[in-house]
Structures are given as C-alpha cells and as structure tokens.
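Me: Could you walk me through this one while I have the coordinates open? I'll ask as we go.

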Amino acid sequence: MSPQKASSKAQAARKAALKGVQSKKVKKVRTSATFRLPKTLRLARTPKYERKAAPRFAKLDQYSVLRQPLNTETAMKNIEDYNTLVFLVDIRANKRHIKDAVKKVYDVDAAKINTLIRPDGVKKAYIRLPADVDALDVANKVSTQYITLY
C-alpha cells in the first residue's frame, strides 16, 4: 500500500471516529398503537428419538366393526322378507365402515345400511342387500363363520 493511500485511509478513519458513523438516525414511524413482534426464523423440529415406541394399529378393522349377527325372530323375518341382514356393530363404526367390512368379510355389496343405537348402548345395523344376492345364503355363510370363530 502506498503512503498516500495509507494516510488518506487514516484521515477517513479519524474523521469517522470524531464525527461518528451513524450520525443521522431515522426514527421509525409507528402507525398502530399495538406492538407486534417481528416474525423471526422458525426452524423445523429435529427430534433425537421417536416419541412413540411402536406405531398405533388401526382400531376399527373389519372384524372389530362387525361384532355379531343378530338371529332373533324379527331379524330372520328381515332376512326372508326384505333381503336384509342384521348385525350388532361397534359403536364407533359409521355406515361406510360397516359397508366396507361386509364387503371384505362376506364378499357382498350392501345396497343400503340403516343404523340405530339400542337403549343398552349397542349399535345395530340393518344391511340391505341388492336383489341379485340372496340374504338367506349370506346369512347361512355368516352363521357358519360365526360358529367356527366362537
């Protein structure tokens, strides 16, 4: 570095030290009475270990949705007259769950499903089958499967 440049640089530093670099400070104009914190950087979490030891399994699979078939006289009358199966189902199951469970377990599509909750707190489902499927055949299949399971 040349001596001329060095002395001019030293003069500039001396001037800045005496006068101050930030002599003109601009005051921010506030337009609201409430102070809002500025939005700062939010980093994504990087956990060191899993918070759950094992993943949760599905609570309502097709076997827990359909609890048991109902074989009272009125249920049998529904099977014969209206092509409708009657099941006791899980209280948390909705009509879509019931329809999927019947499809998976018994390989029949349900045309319509009506549900009600009995006074004892158990949900009952009336599963209407299409006209081309005989409910009596499906009920026989259901009863044989139910007997072998329990």
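Me: Which residue in E4 does Thr115 stand opposite?
Reply: Thr115 stands opposite Ala125 in E4, and E3 and E4 pair in the antiparallel sense over six bridges. Two strands count as paired if DSSP finds at least two bridges between them, while the elements themselves are DSSP runs numbered from the N terminus, with helices being H or I of at least four residues and strands E of at least two.

Me: Before I go on, what should I keep in mind about the model and the numbering?
Reply: The model is predicted, with local features needing pLDDT of at least 70 and side-chain atom pairs counting only at pLDDT 80 or more, whereas totals for chains, interfaces and linings use all residues. Residues are numbered from 1 along each chain as its sequence is written, and side-chain values use heavy atoms, with hydrogens and water left out.

Me: Back to the hairpin of E3 and E4, which residue takes a positive phi there?
Reply: That is Gly121, with a phi near 90°, in a hairpin that has five residues between the strands.

Me: How many bridges join E2 to E4?
Reply: Six bridges join strand E2 (residues 84-89) to strand E4 (residues 123-128), and the two run antiparallel. Within E2 and E4, Leu88 stands opposite Lys124.

Me: Changing topic: Asp90, buried or exposed?
Reply: Asp90, in the loop between E2 and H4, is buried at a relative accessible area of 5%, given that buried means under 20%, exposed over 50% and partly exposed in between, with a 1.4 Å probe and protein chains only.

Me: What does Asp90 touch?
Reply: Not counting residues up to four places away in sequence, Asp90 touches Leu60, Ser64, Val65, Arg67 and Lys123.

Me: What about Lys141, which residues is it in contact with?
Reply: Lys141 lies in helix H5 (residues 135-149) and counts as partly exposed at 33% relative accessibility. Leaving aside neighbours within four places in sequence, Lys141 is in contact with Tyr106 and Asp107. A polar atom of the Lys141 side chain lies 3.2 Å from the backbone oxygen of Tyr106, and the C-alpha atoms of Lys141 and Tyr106, 35 residues apart along the chain, are separated by 7.9 Å.

Me: And overall, how many helices and strands does the chain have?
Reply: The chain has five helices and four strands, running α-α-β-α-β-α-β-β-α from the N terminus on.

How values were computed:
Contact means heavy atoms within 4.5 Å. A polar contact is a pair of N or O atoms within 3.5 Å; within protein, one must be able to donate a hydrogen and the other to accept it, and residues adjacent in sequence count only if both atoms are side-chain atoms.
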